[in-house]
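Hi everyone, thanks for making time today. I'd like to walk you through a structure that may be new to you, so please have a look at it while I talk.

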Amino acid sequence: MASEQQLSAIKGAKVLMVGAGGIGCELLKTLALSGFKDIHIIDMDTIEVSNLNRQFLFRQSHVGQSKAKVAREAVLKFRPHISITPYHANVKDPDFNVDFFKQFNVVLNGLDNLDARRHVNRLCLAAGVPLVESGTTGFLGQVTVHVKGRSECYECQPKPAPKTYPVCTITSTPSKFVHCIVWAKDLLFVKLFGDKNQENDLNVRSSDASSSSQQVEDAFERGKDEDIEQYGRRVYDHVFGYNIELALSNEETWKNRNRPRPIYMKDVIPIELIHRNGNQVKSSVDGDSSSVSAMSSLGLKNPQDLWSLKENSTIFLEALKLFFLKREKEIGNLCFDKDDQLAVEFVTAAANIRASSFGIPLHSLFEAKGIAGNIVHAVATTNAIIAGLIVIEAIKVLQNDIKNYRMTYCLEHPTRKMLLMPVEPFEPNKSCYVCSETPLTLEINTNRSKLRDLVDKIVKSKLGMSLPLIMHGSDLLYEVGDDLDKDEVANYAANLEKVLSGLPPPVMGGTILTVEDLQQELKCSINIKHREEFDEEKEPDGMILSGWTQPPAVEKNGKTSIDNGESTSSASQATSLETEVDDDLQIIPVQTGKKRKFLDIASSDNLSVTKETKIKRKAEEIDGNKDFVMLDDENSENSKKKGEQ
Amino acid sequence: MDGEELTEQETALYDRQIRVWGADAQRRLSKSHILISGLKGTVIEFCKNIVLAGVGSVTLNDDRIVTEELLSANFLIPSDENVYSGKTLAELCCDSLKDFNPMVRVSVEKGGSCFHNLLCRELSNFHVDFFNKFDAVVISSCSLLTKKTVNEMCRKLLKRTAFYTVDCRDSCGEIFVDLQNYIYSKKKGDETVECLLEYPSFEEAVSVPWRSLPRRVSKLYLAMRVIEKFEELEGRIPGETSAADLLNVQKLRKELCDTHSVDESQIPDALLERLLEGTREFPPVCAIVGGILGQEVIKAISGKGDPLKNFFFFDATDGKGIIEDIHKQKAEG
């Protein structure tokens, strides 16, 4: 039961919830039951079927409706006299500015992506409003408290860098199933059904100069009157047969690797059989185009089954045909979507055929979908527990009970008898570029990189600014906003295409740029350092930013890894164009002896359209220090702890 | 299991959780039957969790008439007196739980729990055969005697029926688990090894002499035993205590501590006072303890994951969620 002081703090509080998903539903319910009377809730999402197993405020009949609005209606049924204000909107909308945030006593995050988390963190810092942050994946979860000047901000700790794969691993030397998925989804699928103008590394770079690139391009063009059957076979033979032969011709590559096996359609499915399948397609053509499925037209039912090479090849051909016969209008504009059954079928089949070729174990459609869609594992219980912990911290924040703030980890396996492990919050990181004023350093080739590269790769992607303004001394180089006049817009657009040293005034080694986001009220300085060369594979951005939350050296330590199930480990390595990630999780500490260890478990961040990737499981070690308080007084032999009551 | 496949509808609805515990576990869940008695806030949270998880059936037992206090941490019942007039707590909860997941059968079993009749032996009035239908039995707001009796009945059944008790007071919660002899497979590196856990019954666990409890055992464990004993001696309805009882409870504490030769400081006054006074539930603690309980029942039914053995304690004031393994030492026979 809450004490009188707690109750009065709760009753008088105005809280903002960001996110009405897995954690959000649980949180809204627990806030309402606990006596909160004025709750605002922002969520841009609409309800999907796969939400219903845990987002218990929603029903089948709500699919397609606003999460924030439906959640409000559901809670008012059992607590009709409280005020819940829903916003079916993106928290990054300019309406939710610093003044908007200032009206709240505390902000509670139940978000699913790094981008929005960083944005809310900055607004909370700017508005001086405490933030309770949370995340879950499977049975793991965490709750942290961020109060400006008192505890670290959300960005004080390095966030693991998104996983990317070297291009050649994907195009030529895959060794894991995820490499095949990336190839099938980001290269082959895009080549066949997506934007034809997009740069695409699908074709193996041939050492043989005689095969002109024009010829190679033609392999994917369907001839004017070409039979769809024949086209499918041609594509199949080109990517799984010819391209592999081409790659094999480069002996150097295979010195220390298993040689892949070229696969041709005629060896997998006899030609008569293909024709029979062709007839099946015709019979399936009459259905509803939104539910087109190669699996169902071939009579395969269970998504958990492992298909043989032959089945995969049949699905490949069938799915390709169905795209051309039933969804021809979309071809050229398709993006992979994990909820697009036919796309998932095509990608699964293509990835499996490639996997066979490279001697990599095959996977079921269910598994492939998880990897390709970066699907996060989510259960109701963890979200309920985390929501309870958020409310407990929120009440402490409202009472300004600083000494009792805790970050709490929900663990799958007990650590020193604990399943729920509270830890004292850390001090703010003095060199955090978000909550302190530490300058950043950018190594860049000022004669080659354009302002556009700097804006896209650094300011937006790494610093997470959405409405940036870039200044060189008192000169404005770049600005975004609705209130710009035509000349300004034209001027900035022109600047974007100029190399840094060609800007008025030129940006060169030694220049200090000021980058600012007016909405987030975040401002930082970047010292520019000119550098001539960058390693294409290791430094694909062609520039290096330092002094920000760069992940420290990673130490992979078997002992620190939490077994998070086999499916998680594969999913945690997937790259993806777009992901639906429910509730993510950043760091789990595991303490043994004097060291504090962090584990990043399947941390997943959805950076919408950009080619962002899910994060590989990493373990990092940080020396125990006196700021860290051990919570169990059992290990009294440990000198670097102090007891906590 | 039994080669039966999940339907397309199930695969779509349970997609995210199948990715956590696998299709086999989901199939086992969908064939399981759970009995739940005593529907206060923590148990309501638990009901929501397992109905969402997709168990086969849930049987609710609580004949109490709805009061404002019973609804303080209940989100299943609409705040409209017209809706709940004349219906029992279980009947009202049943209606809205059905709505959560149409694939789960939710029903009400009347009788057994006469919470307001002190002479009634509550749930233990049910015949042993009644419990035979269930894979897991969860009881709450029960007397010490009921806990022992129902636990013993579960142990007499031919098949293994998991037994749980859960209680929340103030901002504290306690879960007890009895899985009898539980065998499960566990991943160790690349290998799968079989593990056997031997659970004591509730009676066996609570009669372990305090001197032989694990070192630094949770103070909550001891405090809950004192209060449980107090309620039994006084013939109280479980949970119906107040600060006025402190003096008598302190006396009982002294007796028990003397018997067990442990220091009284192991059970601080402040803690006893909180537990006696805080009979109204604290919703965040209900969510946390109901969440842990849900997870444990799912683990036991699905055979996936290490189940906790055999007590769990949560106290919001320090934020720790602790597992205690309390059983008779083998050496002592």
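**Where chain A meets chain B**

Let's begin at the interface of chain A and chain B, where 16 residue pairs are in polar contact, with both partners at pLDDT 80 or more. That pLDDT score is there for a reason: please keep in mind that this is a predicted model.

Which elements of chain A supply two or more residues to the side that touches chain B? They are helices H2 (22-34), H3 (67-78), H15 (365-372), H16 (380-398) and H19 (566-571), together with strands S7 (407-415) and S8 (418-423). The biggest giver is H16(A), with 10 residues. If you sort the residues on this side of chain A by kind, you get 28 nonpolar, 15 polar and 14 charged.

Now for the overall contact. Chain A puts in 57 residues, and chain B puts in 57 residues. Between them, the two chains bury about 5000 Å², and 60% of that lies on carbon and sulfur atoms.

How many salt bridges are there between chain A and chain B? The count is 5. One of the salt bridges between the chains pairs A:Arg59 with B:Asp99, with 3.3 Å between the closest N and O atoms.

The strands take part too. S8(A) is joined by 2 bridges to strand S10 of chain B, residues 320-324, and the two run antiparallel. If you want a spot to look for, find A:Met418, which stands opposite B:Ile322 in S10(B).

Next, a residue I'd like you to zoom in on: B:Lys48, which sits in helix H3 of chain B, residues 41-53. Is B:Lys48 buried or exposed? Its relative accessible area is 0%, so B:Lys48 counts as buried. Leaving aside residues up to four places away in sequence, B:Lys48 touches A:Glu26, A:Lys29, A:Phe56 and A:Ala384 in chain A, and B:Phe75, B:Leu97 and B:Phe100 in chain B. With A:Glu26 there is a polar contact, side chain to side chain, at 2.6 Å.

Finally, let's step back to chain B as a whole. Its secondary structure comes to 12 helices and 10 strands. Of its 333 residues, 62% are buried. And among contacts in chain B with a separation of 6 or more, 66% are between residues 24 or more positions apart.

That's my tour, and I'm happy to go back to any part of it.

Technical notes: Residues are numbered from 1 along each chain as its sequence is written. Chains are lettered from A and ligands numbered from 1 in the order in which they are written. This is a predicted model: local features need pLDDT of at least 70, side-chain atom pairs count only at pLDDT 80 or more; totals for chains, interfaces and linings use all residues. Side-chain values use heavy atoms; hydrogens and water are left out. Contact means heavy atoms within 4.5 Å. Buried area is the accessible area (1.4 Å probe) that two parts lose on being put together, summed over both. A salt bridge is a side-chain nitrogen of Lys or Arg within 4 Å of a carboxyl oxygen of Asp or Glu. A polar contact is a pair of N or O atoms within 3.5 Å; within protein, one must be able to donate a hydrogen and the other to accept it, and residues adjacent in sequence count only if both atoms are side-chain atoms. Helices (H or I, at least four residues) and strands (E, at least two) are DSSP runs, numbered from the N terminus. Ala, Val, Leu, Ile, Met, Phe, Trp, Tyr, Cys and Pro count as nonpolar, Asp, Glu, Lys and Arg as charged, and the others, Gly among them, as polar. Two strands pair if DSSP finds at least two bridges between them. Buried means under 20% relative accessible area, exposed over 50%, partly exposed in between (1.4 Å probe, protein chains only).
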